[in-house]
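Me: I am new to this structure. Please take me through it in short steps.

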Amino acid sequence: MKHSRPADIERTSMAIIAEELRQRGIQVPPDQEAVVKRVIHTTADFEYAENLAFTKNAVSLGVAALRKGTPIVTDTNMAKAGISRPGLEKLGSHVMCFMADPAVAQRAEAQGTTRAAAAMEQAAQVCPGAVLAIGNAPTALFAIARQMERGQFPAMLIGVPVGFVNVEEAKEQVLALCRRFEVPAILAMGRKGGSNVAAAICNALLYLAGDMLDPAERGWQ
């Protein structure tokens, strides 16, 4: 059956995802289901059902933070653009990316580091305790790891950078630190990830926080 209405397309897609997960024998914990299905919906990649790592109560703690209007900081403008405006508006939140900030470029040059790492230092100063959504740069995760080691913690960490250099090491390091310091975190282990995945996880949490999982609650027809 063909669908042309966006809401019907999304509902049918989610039903297909649920059925394929069942056929593959993959049982996703109920509290993680909305996140996992949203990532698969975004990527059409069922491996995310098994490589997404969640710290204890990550989803409920992330939802609680967003319900307080906690801002989100991304490491790319692509991820920023993909995060639901209706979801942010309903919760009184907003999203920021410091990658194009001239001060970040100056900091990166002065410190001999990447803009992504410098952007996380900027974020820690401008909006400490934000939800951090990293979809591109493992150097951003290393910067966040240094912050946590000196006692600066985000409200939540979404760590899903994609790539081949330092990616797996960065994810493993921050996951261990998040577990140690009880920082809620969702990470895509291994090489996979991307800005679209970071945005998808943010959207799943926003939709849960705003009771907007069904597209009709977002104004879709």
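Me: How many helices and strands does the chain have?
Reply: This is a predicted model, where local features need pLDDT of at least 70, side-chain atom pairs count only at pLDDT 80 or more, and totals for chains, interfaces and linings use all residues. Residues are numbered from 1 along each chain as its sequence is written, and side-chain values use heavy atoms, with hydrogens and water left out. Helices (H or I, at least four residues) and strands (E, at least two) are DSSP runs, numbered from the N terminus. The chain comes to 11 helices and 6 strands.

Me: What radius of gyration does the chain have?
Reply: The radius is taken over C-alpha atoms, and the globule rule is 2.2 Å times the number of residues to the power 0.38. With 221 residues, a compact globule would come near 17 Å. The chain agrees with that, at 17 Å.

Me: What percentage of the residues count as buried?
Reply: Buried means under 20% relative accessible area, exposed over 50%, and partly exposed in between (1.4 Å probe, protein chains only). Of the 221 residues in the chain, the buried part is 53%.

Me: Which residues of helix α2 are buried, and what covers them?
Reply: Helix α2 spans residues 33–43. Its buried residues are A34, V35, V36, K37, R38, V39 and I40. Their cover includes α1 (6–23), α3 (48–51), β1 (52–54), α4 (58–67), β6 (185–188) and α11 (195–209).

Me: Where is T55, and which residues is it in contact with?
Reply: T55 sits in the loop between β1 and α4. At 9% relative accessibility, T55 counts as buried. Contact means heavy atoms within 4.5 Å. Leaving aside neighbours within four places in sequence, T55 is in contact with L175, C178, R179, V183, P184 and A185.

Me: How many aromatic pairs does a search of the whole structure find?
Reply: Rings of Phe, Tyr and Trp (its six-membered ring) pair if their centres lie within 6.5 Å. Planes under 30 degrees apart count as stacked, over 60 as edge-to-face and the rest as tilted. The search finds 1 aromatic pair.

Me: Which parts does the pair tie together?
Reply: F153 is partly exposed at 36% relative accessibility, and F181 is partly exposed at 27%. The pair ties together parts that are 28 residues apart in sequence, because F153 lies in the loop between α9 (138–149) and β5 (156–159) and F181 in helix α10 (residues 167–181).
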